[in-house]
Amino acid sequence: LIEELENFENSKVIPVIFQLNSPVTESDESYFEALGLELLGRAPLVDGGLVEGTIGEIRTLSNWERVEYLELDKPLEFFYLPSEWGGEPTTDAGIMMHETTHVVRATDAWHRVIVDTDGKVEYETDLAFSEWDGDGTAIVDLDTGVDAGHPDFDYLEPWTGEKVIYSAKWDGVWTETTNSDTSSGHGTHVGGTIAGNGDASAGRRAGVSKGGQLVALGTGDGASIFAAEQGLEWTYENSRPGLNQYNIRVVSNSWGTNGDYNPSNVISQLTLRLTQDNGVAVIFAASNSGGSGAEDDSDLRTNMYANTPSAISISALTHNGGAATSFTSRGWINQQHTWPDLAAPGRDIWATAPRATAIDASQRPTDQDLYYMAISGTSMAT
């Protein structure tokens, strides 16, 4: 925002997310109008919202005593790499979900193993352990949305809650829709990795939490920070203790922007509140900017939201989990808050394919698999 204010003329119109030092009142909204600002959205959990106005008007707003924090509403980056797909792809390329689930030991969890403190694993031998595959637990896939008409998502009308229990797209308000992923396709692929039931592959490409339920929140076309903020606000309001009708325990975020951690921005604020107030695990992709991890690596960029201390930051591994991929962000060696917390396979991951989207057009294998495709990125690891 500072760069915008310094480098452009006063007449340029920009969107700005604001936070005030107490809840927004009608008097505050009248002040915005008097300044010439248009109020585009409200963010009550952070006493803020989204306004649009000229740089001159934003300069005036920045000097108002009620303002706690301002930030530019920038487009989000989604962390996948179409260029990782190369040569003549076939259904044999990449790593199948039944292999990745073994690498991250999801298959152990499905059989309700007991892991001792020394790492020893006790496996079920007498059917004493019931399978636990995530059923009864909801994961919010806050992304470009989900094509819930895919056979692996079981989105039914009227909705039964069997798999995708709520699907909506942000267009200024949350609008419920079966397919909330109509332009990108990124969120559909991520959703299948999270909790696809594998129906279109006879269970072979089931997701990590194959029995879990999904809440699909699509940030809309041209997704921005404020749209993601609204998704986290929705998640917060619907995961409050005692008011958590879907049993939301996790929110997956394979998006972000570069920069360093700032505790004052709206995403950091909501990440902290979701974790501390509601006990929801907030997961972020570390980003695909590579780097050596050296302090003087000028090319290194880590997703600033993944650096939030209460978030869980995810980097990408090779197929067998034995090494980091070349593209994954590593953080700076001397700044611990930039280090990824966990890692998982993230190269050429086969999961649910969206229909008639950008990823579908660029990535579909030559053999025309209608239901699955492989793409790479820390998004897939997340």
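**Two helices side by side**

Analyst: In this predicted model, helices H7 and H8 are roughly parallel to each other.

User: At roughly what angle do the axes of H7 and H8 cross?

Analyst: The two axes come within 10 Å of each other, and H7 passes H8 in a left-handed crossing. Angles under 35 degrees count as roughly parallel, and H7 and H8 are therefore described in that way. The crossing angle is roughly 15 degrees.

User: Which residues of H8 make the contact with H7?

Analyst: On the H7 side the contact is made by Ile225, Ala228, Glu229, Leu232, Glu233, Thr235 and Tyr236. By class, the contact of H7 with H8 has eight nonpolar, two polar and four charged residues. The H8 residues are Val266, Ile267, Leu270, Arg273, Leu274, Asp277 and Asn278.

User: Which strands are the edge strands of the open sheet of eight strands?

Analyst: The order of this sheet is E10-E9-E11-E8-E12-E14-E15-E16, with mixed pairing. An edge strand here pairs on one side only, and the twist from one strand to the next averages 25 degrees. The edge strands are E10 (174-176) and E16 (342-345).

User: Which residue is the bridge partner of alanine 168 in E10?

Analyst: Strand E9, residues 164-170, is joined to E10 by three bridges, and the two strands run antiparallel. The partner of alanine 168 in E10 is glutamate 176.

User: Which strands does H7 lie across, and which strands does H8 touch?

Analyst: H7 (residues 225-237) lies across E8, E9, E10, E11 and E12, and runs at about 170 degrees to E12. H8 (residues 266-278) also packs on the sheet, where its direction makes about 145 degrees with that of E14. The strands that H8 touches are E12 and E14.

User: How many bridges does E1 form with E3, and how many with E4?

Analyst: E1 and E3 (residues 48-54) pair in the antiparallel sense over seven bridges, and in E3 the partner of glutamine 19 is glycine 48, while that of phenylalanine 18 is glycine 49. Turning to E4 (residues 67-72), isoleucine 17 stands opposite glutamate 71 in that strand. The bridges between E1 and E3 number seven, and those joining E1 to E4 number five.

User: Why is E1 described as largely enclosed by the rest of the structure?

Analyst: A residue counts as buried under 20% relative accessible area. E1 covers residues 13-20, and it is described as largely enclosed because the number of its eight residues that are buried is six.

User: At roughly what angle do the axes of H2 and H3 cross?

Analyst: The axes of H2 (residues 26-35) and H3 (residues 55-62) come within 10 Å, and their crossing is right-handed. The contact is made by Tyr31, Phe32 and Leu35 of H2 and Glu57, Thr60 and Leu61 of H3, which by class gives four nonpolar, one polar and one charged residues. The axes cross at roughly 140 degrees.

**Burial and sequence separation**

User: How many residues of H6 are buried?

Analyst: H6 spans residues 186-195 and is mostly covered; among its buried residues are His186, His189 and Ile194. For the protein as a whole, buried residues make up 53% of the 382 residues. In H6 the buried residues number 10 of 10.

User: Is tryptophan 132 buried or partly exposed?

Analyst: Tryptophan 132 has its place in the loop between E7 (121-122) and E8. Its C-alpha lies 9.0 Å from that of serine 209, although the two residues are 77 apart in sequence. With a relative accessible area of 40%, tryptophan 132 is partly exposed.

User: What share of the contacts with a separation of 6 or more comes from residues 24 or more positions apart?

Analyst: The protein has 10 helices and 18 strands. Of its contacts with a separation of 6 or more, the share from residues 24 or more positions apart is 74%.

Technical notes: Residues are numbered from 1 along each chain as its sequence is written. This is a predicted model: local features need pLDDT of at least 70, side-chain atom pairs count only at pLDDT 80 or more; totals for chains, interfaces and linings use all residues. Side-chain values use heavy atoms; hydrogens and water are left out. Two strands pair if DSSP finds at least two bridges between them. Helices (H or I, at least four residues) and strands (E, at least two) are DSSP runs, numbered from the N terminus. Axes are lines fitted to C-alpha atoms, for helices over the stretch in contact, and angles run from 0 to 180 degrees between N-to-C directions. Contact means heavy atoms within 4.5 Å. A crossing is left-handed if the near helix is turned anticlockwise from the far one by less than a right angle, and right-handed if clockwise. Ala, Val, Leu, Ile, Met, Phe, Trp, Tyr, Cys and Pro count as nonpolar, Asp, Glu, Lys and Arg as charged, and the others, Gly among them, as polar. Buried means under 20% relative accessible area, exposed over 50%, partly exposed in between (1.4 Å probe, protein chains only). Angles under 35 degrees count as roughly parallel, over 145 as roughly antiparallel, 65 to 115 as roughly perpendicular and the rest as oblique.
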